[in-house]
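Here's a quick tour of a protein with a ligand in it.

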Amino acid sequence: MDIVTAITGASGALYAQRFITGLVAAGVRVHLVISPLGRRLLHDELGMESPDLPALAGTPSHTITLYNYNDVGSKLASGSFLHDGMVIVPCSSNTLAECAHGLGGNLISRAAAVTLKERRKLILVHREMPLSPIDITNYQVLTQAGAILAPANPGFYLNPTTVTEVVDFVAGKLLDLLNIPHALDTRWDPKNVRPPVKLD
Ligand SMILES: Cc1cc2nc3c(=O)[nH]c(=O)nc-3n(C[C@H](O)[C@H](O)[C@H](O)COP(=O)(O)O)c2cc1C
């Protein structure tokens with residue numbers, strides 16, 4: 001499988017890392033684009049001076065190809081590149097708006113526009129709180145265009161005790177949406193209910 005993945009400047013770089021690790025573990029070829037603010041998030045939240053592909057993949061023998069954000073002549077900008085879906089994780093309100101308006105001035109919005117026109121799966125992991133009326137309008141426009149809005153909105157019904165478990169909930173959901181098998185322990189199982197979490 002080939003999955004296009006984009007990282008933009010919304011908080012939640014850990015979601016991107018866990019999702020990409022899951023793709024690589026499943027043998028998926030990852031075609032990665034990172035916006036300038038996405039690079040800043042990788043620095044601020046993951047401590048990466050520049051994109052560290054083995055660290056994002058969780059293994060030195062990774063299957064990630066990094067593309068230039070400004071190269072709208074790249075193969076990801078063309079409908080003739082066949083892929084199995086595109087995920088923007090995390091997705092800023094800025095990129096959400098670009099996608100909702102069909103803009104194509106950078107490789108992320110262009111690849112998203114192409115994914116929609118080719119009727120392939122486009123998943124946007126938007127992170128913002130609260131939502132503005134403009135965000136909500138953009139959700140509706142994109143949903144009607146065929147995109148899947150999967151906001152970074154972890155559930156707590158599995159009673160997570162670590163940040164890793166909270167992140168895994170979202171990453172596992174994304175892999176499920178793409179029908180990619182994973183070993184993340186993110187499924188509700190009434191036979192395996194954990195005790196409620198007590199806050200400090
Ligand atoms: C540390 C930091 C955290 C941010 N978090 C968010 C966020 O969670 N959601 C969001 O929509 N924008 C967030 N922003 C603002 C975006 O990065 C900004 O709007 C930027 O233009 C997005 O560009 P991009 O869509 O090309 O990545 C954040 C910016 C910084 C510097």
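A polar contact here is a pair of N or O atoms within 3.5 Å; within protein, one must be able to donate a hydrogen and the other to accept it, and residues adjacent in sequence count only if both atoms are side-chain atoms. Before using that, some housekeeping: this is a predicted model, where local features need pLDDT of at least 70 and side-chain atom pairs count only at pLDDT 80 or more, while totals for chains, interfaces and linings use all residues. Residues are numbered from 1 along each chain as its sequence is written, and side-chain values use heavy atoms, with hydrogens and water left out.

| Protein side | Ligand atom | Distance |
|---|---|---|
| Ser-35, polar side-chain atom | oxygen | 2.6 Å |
| Asn-94, polar side-chain atom | oxygen | 2.9 Å |
| Arg-127, backbone N or O atom | nitrogen | 2.7 Å |

On its own the ligand exposes 640 Å², and the protein buries 70% of that (accessible areas by Shrake-Rupley with a 1.4 Å probe). There are 15 residues around the ligand, with Gly-9, Ser-35, Ser-92, Thr-95 and Arg-127 coming nearest; a residue gets in if one of its heavy atoms lies within 4 Å. By class, that shell has four nonpolar, eight polar and three charged residues. For those classes, Ala, Val, Leu, Ile, Met, Phe, Trp, Tyr, Cys and Pro are nonpolar, Asp, Glu, Lys and Arg are charged, and the others, Gly among them, are polar.

Helices H2 (36–46) and H4 (93–100) each supply at least two residues of the shell. Helices (H or I, at least four residues) and strands (E, at least two) are DSSP runs, numbered from the N terminus.

H2 also packs against H1 (residues 13–25): their axes come within 9 Å and cross at roughly 95 degrees. Axes are lines fitted to C-alpha atoms, for helices over the stretch in contact, with angles from 0 to 180 degrees between N-to-C directions. H1 and H2 are therefore roughly perpendicular, a label for 65 to 115 degrees. Ala-13, Leu-14 and Gln-17 in H1 meet Leu-41, Leu-42, Glu-45 and Leu-46 in H2, contact being heavy atoms within 4.5 Å.

Which backbone spots deserve a look? A cis peptide bond joins Val-89 and Pro-90, omega about -10 degrees, and Pro-90 sits in strand E4 (residues 86–91). Another cis bond runs from Met-129 to Pro-130, with omega near -5 degrees.

Key
Angles under 35 degrees count as roughly parallel, over 145 as roughly antiparallel, 65 to 115 as roughly perpendicular and the rest as oblique.
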